[in-house]
Amino acid sequence: MSRIGKLPVPVPSGVEVDLDGLTVRVKGPKGELSQTMPEGVVLSRDEDGAIVVAPTGASRDERARWGLVRTLVANMITGVTEGYAKALELVGVGYRAAPKGSDLELQVGFSHPVVIEAPEGISFKVPIPTRVEVSGIDKVLVGQVAANIRKVRPPEPYKGKGIKYEGEVIRRKAGKAAGR
């Protein structure tokens, strides 16, 4: 029994949800999302207008997808109402970021600046040169773009230099022992 899957997904006012078989379209104040859900689940509405997800059978795979589909629908509704954001910090002497149109330009110790292009539906904010905020309505896309930015210069364990998520703890290693 899926503890997450059996909870109904409430639909707030101002959000339209269209269920067409396994395709779910959610339209809200921040935009519109559409996704096709995997086989093995049934999507319906209850008397309150909330979305209810149920497995079609009792196999292990169908029960595993039950909670997944419920969470995907809930994430779509949260995305079109509130949106998602990830913050990254640049740690290192001379490391900085700057917006360049809708794209992001990073100077992180290479001989040339690195330009990250913003995909459709993603926006970058640079409140200070050592902090980047990635925001959008699709949770998966926001996380993937943030991971791609971090991959440009991952934090290293000796001095902690690099691009890290806000609040991420980098375990430090001891350097070389002094000459013996």
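Colleague: Which residue in β12 is the bridge partner of leucine 90?

Modeller: Please note at the outset that this is a predicted model. Strand β6 covers residues 84-91 and runs antiparallel to β12, with four bridges between them. Within β12, leucine 90 has as its bridge partner isoleucine 163.

Colleague: In what order do the strands of the open sheet of four stand?

Modeller: The pairing in this sheet is antiparallel. β10 and β12 (162-165) are at the edges, and each has a single partner strand, so one side of each lacks a neighbour in the sheet. On average, neighbouring strands here are turned by 25 degrees against each other, direction ignored. The order of the four strands is β10-β11-β6-β12.

Colleague: At about what angle to β6 does α2 run?

Modeller: Helix α2 lies across β6, β10, β11 and β12. Relative to β6, the helix runs at about 10 degrees.

Colleague: Which strands are the edge strands of the open sheet of three?

Modeller: Three strands form this second open sheet in the order β1-β2-β3, with antiparallel pairing. An edge strand here pairs on one side only, and this applies to β1 and β3.

Colleague: By how many degrees does the twist average from one strand to the next in that sheet of three?

Modeller: The sheet in question has the order β1-β2-β3 and is antiparallel. From one strand to the next, its twist averages 10 degrees.

Colleague: Which residue of the hairpin of β1 and β2 takes a positive phi?

Modeller: Strand β1 (residues 16-20) pairs with strand β2 (residues 23-28) in the antiparallel sense over five bridges. Glutamate 16 has lysine 27 as its bridge partner in β2, and valine 17 stands opposite valine 26. Two residues lie between the strands of this hairpin, and the positive phi, near 70 degrees, belongs to glycine 21.

Colleague: What is the bridge partner of valine 24 in β3?

Modeller: β2 and β3 run antiparallel and are joined by six bridges. A hairpin of two residues leads from β2 to β3. In β3, valine 24 is partnered by glutamine 35.

Colleague: Which elements give two or more residues to the lining of the largest pocket?

Modeller: The largest pocket holds about 180 Å³ of space. Its lining is made up of Leu33, Ser34, Gln35, Leu72, Asn75, Met76, Ile137, Asp138, Lys139 and Val140. The elements that contribute two or more of these residues are β3 (31-36), α1 (60-81) and α2 (139-152).

Colleague: How many residues of that lining are charged?

Modeller: The residues that line the largest pocket include Asp138 and Lys139. Five residues of the lining are nonpolar and three are polar, while the number of charged residues is two.

Colleague: Is proline 8 buried, partly exposed or exposed?

Modeller: Proline 8 is found in the segment before β1. Not counting residues up to four places away in sequence, proline 8 touches Asp46, Ala50, Ile51, Val52 and Arg70. Arginine 45 is 37 residues from proline 8 in sequence and 8.8 Å from it in space, C-alpha to C-alpha. With a relative accessible area of 38%, proline 8 is partly exposed.

Colleague: Is valine 169 buried or exposed?

Modeller: Valine 169 lies in the segment after β12. Valine 169 and proline 155 are 14 residues apart in sequence and 10.0 Å apart in space, C-alpha to C-alpha. The cut-off for an exposed residue is over 50% relative accessible area. Valine 169 has 73%, and therefore counts as exposed.

Colleague: How far apart in space are isoleucine 128 and arginine 96?

Modeller: Isoleucine 128 is placed in the loop between β10 (122-125) and β11 (131-136). At 45% relative accessibility, isoleucine 128 is partly exposed. Isoleucine 128 and arginine 96 are 32 residues apart in sequence, and their C-alpha to C-alpha distance is 8.7 Å.

Definitions and conventions
Residues are numbered from 1 along each chain as its sequence is written. This is a predicted model: local features need pLDDT of at least 70, side-chain atom pairs count only at pLDDT 80 or more; totals for chains, interfaces and linings use all residues. Side-chain values use heavy atoms; hydrogens and water are left out. Two strands pair if DSSP finds at least two bridges between them. On a 1 Å grid over the protein atoms alone, a cavity is a set of points where a 1.4 Å probe fits but cannot get out, and a pocket is an open set with protein on both sides within 12 Å along at least five of seven lines; lining residues have an atom within 4 Å of a point. Grid points are joined across faces, edges and corners, and a volume is the space filled by probe spheres set on the points. Ala, Val, Leu, Ile, Met, Phe, Trp, Tyr, Cys and Pro count as nonpolar, Asp, Glu, Lys and Arg as charged, and the others, Gly among them, as polar. Buried means under 20% relative accessible area, exposed over 50%, partly exposed in between (1.4 Å probe, protein chains only). Axes are lines fitted to C-alpha atoms, for helices over the stretch in contact, and angles run from 0 to 180 degrees between N-to-C directions. Contact means heavy atoms within 4.5 Å.
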